[in-house]
Amino acid sequence: MNEWTVICRVEDIPVLGSRRVARPRGVDVAVFRNAEDQVFALLDRCPHKGGPLSQGIVFGTSVACPLHNWTIGLDDGCARAPDEGCTPRFACKVEGGQVMLSPVELATHAVDLAPPTAGPCASRGAVGDATFDVQAPHGA
């Protein structure tokens, strides 16, 4: 049986925005919500120069990195041509309005990668508490 950790409710993620999920080890995970209320989870690190994707602009099923405007697919974590590279993606599901991630992936997936090289020093919360950093969409 696959276990899941409840991260938040869908409505806790701003439309066209993100939340960062702090992990005990490794780079934070960015959880995104698009205009169709689809939810995606990627390592909060652009494959180009390590920019914080959680600070990017969400459109369709992509996010634009705030550093150099690389377009990263939310569904696969890969940069769109002509750019190349991928950021790790995390299994994510929504049930009953709750956003869930795999606790095994949170503990083990991509824990050896360097943190983002830019972006504000944000508050960090623990999984399950109310201190997750919420990123509002641009213009909100």
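**Exercise 1.** Is Cys-65 buried, partly exposed or exposed?

*Solution.* The model is predicted, so local features need pLDDT of at least 70, side-chain atom pairs count only at pLDDT 80 or more, and totals for chains, interfaces and linings use all residues. Residues are numbered from 1 along each chain as its sequence is written, and side-chain values use heavy atoms, with hydrogens and water left out.

Step 1. Take the classes: buried is under 20% relative accessible area, exposed is over 50%, and partly exposed lies in between (1.4 Å probe, protein chains only).
Step 2. The relative accessibility of Cys-65 is 5%, so Cys-65 counts as buried.
Step 3. Cys-65 takes part in no disulfide (a pair of cysteine sulfur atoms within 2.5 Å). The nearest cysteine sulfur belongs to Cys-46 and is 3.7 Å away.

**Exercise 2.** Find which cysteines are joined by a disulfide, and describe the link.

*Solution.*
Step 1. The number of disulfides in the structure is one.
Step 2. Its partners are Cys-78 and Cys-86, with an S to S distance of 2.1 Å.
Step 3. The angle about the S-S bond is 95°, and the link of Cys-78 and Cys-86 is right-handed.
Step 4. Cys-86 has a relative accessible area of 46% and is therefore partly exposed.
Step 5. Cys-8, by contrast, is in no disulfide; the nearest cysteine sulfur, that of Cys-92, lies 8.5 Å away. Cys-8 counts as buried because its relative accessibility is 6%.

**Exercise 3.** State how many salt bridges the structure holds, then work through pairs that include Asp-12 with Arg-19.

*Solution.*
Step 1. A salt bridge is a side-chain nitrogen of Lys or Arg within 4 Å of a carboxyl oxygen of Asp or Glu. The structure holds seven.
Step 2. In the bridge of Asp-12 and Arg-19, the closest N and O atoms are 3.8 Å apart. Asp-12 is partly exposed at 34%, whereas Arg-19 is buried at 8%.
Step 3. Asp-75 and Arg-80 meet through their side chains at 3.2 Å, N to O. Asp-75 is partly exposed, with 39% relative accessibility; Arg-80 is partly exposed as well, with 29%.
Step 4. Glu-95 pairs with Lys-93, the closest N and O atoms being 3.1 Å apart. Glu-95 is partly exposed at 45%, and Lys-93 is partly exposed at 25%.
Step 5. Salt bridges with shared partners join Asp-75, Asp-76 and Arg-80 into one network.
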